[in-house]
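Biologist: Hi, could you walk me through this fold and its charged contacts?

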Amino acid sequence: IPDLSGKWNTLGTIFKRKTPSDVPNFDTIETVLFSQEITQKDNFLIIKEKDRYRLGVLNFMYGEWSLTIADDDDDGIMRLTPKNCGNYSHWTGNYAEPGFDNRTQQSQTVAKVEMLRENEHCNCVEMLRENEHCNS
């Protein structure tokens, strides 16, 4: 089981529409960068970002590890796999949230996601912003 405990930086390129009446518009695509800390017990993870907590689980399927993270405020799910086979310091994947469920005010959302472990050999924030591979 990969050890994901520690500090991570995450970059999301987000495409959403706020209400069911909004016509989708590519001009709404935005990029966000945030830090988070992961604690782990076996396959289960707690992902802390400021005052938010998400739950995650690692699964091994078809010869590859995958990471699924449940959002804390809606029905959103993030699914990630290692960017390079056997290297568990850089994960890539997507986020999807159906939105508009009439229980809460949520937005229909999809995103590309990059998650990179912080380390002293790599300026991870710059690497994520430039979307390049970090050779540490």
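Predicted model: local features only at pLDDT ≥ 70, side-chain atom pairs only at ≥ 80, totals over all residues.

Biologist: Thanks! In what order do the eight strands close into a barrel?

Modeller: The order is β1-β2-β3-β4-β5-β6-β7-β8, with antiparallel pairing. Strands are DSSP runs (E, at least two residues) numbered from the N terminus, and two of them pair if DSSP finds at least two bridges between them.

Biologist: How many bridges join β5 to β6?

Modeller: Four. T68 has R79 in β6 as its bridge partner.

Biologist: Switching to charges, which residue forms a salt bridge with D72?

Modeller: R52, with the closest N and O atoms 2.4 Å apart. A salt bridge here is a side-chain nitrogen of Lys or Arg within 4 Å of a carboxyl oxygen of Asp or Glu. R52 also meets D71 in a salt bridge at 3.0 Å, N to O. R52 lies in strand β4 and D71 in the loop between β5 and β6, so this pair ties together parts 19 residues apart in sequence.

Biologist: Is D71 buried or exposed?

Modeller: D71 is buried, at 15% relative accessible area, whereas R52 is partly exposed at 28%. Buried means under 20%, exposed over 50%, and partly exposed in between (1.4 Å probe, protein chains only).

Definitions and conventions
Residues numbered from 1 in each chain as written. Heavy atoms only, no water.
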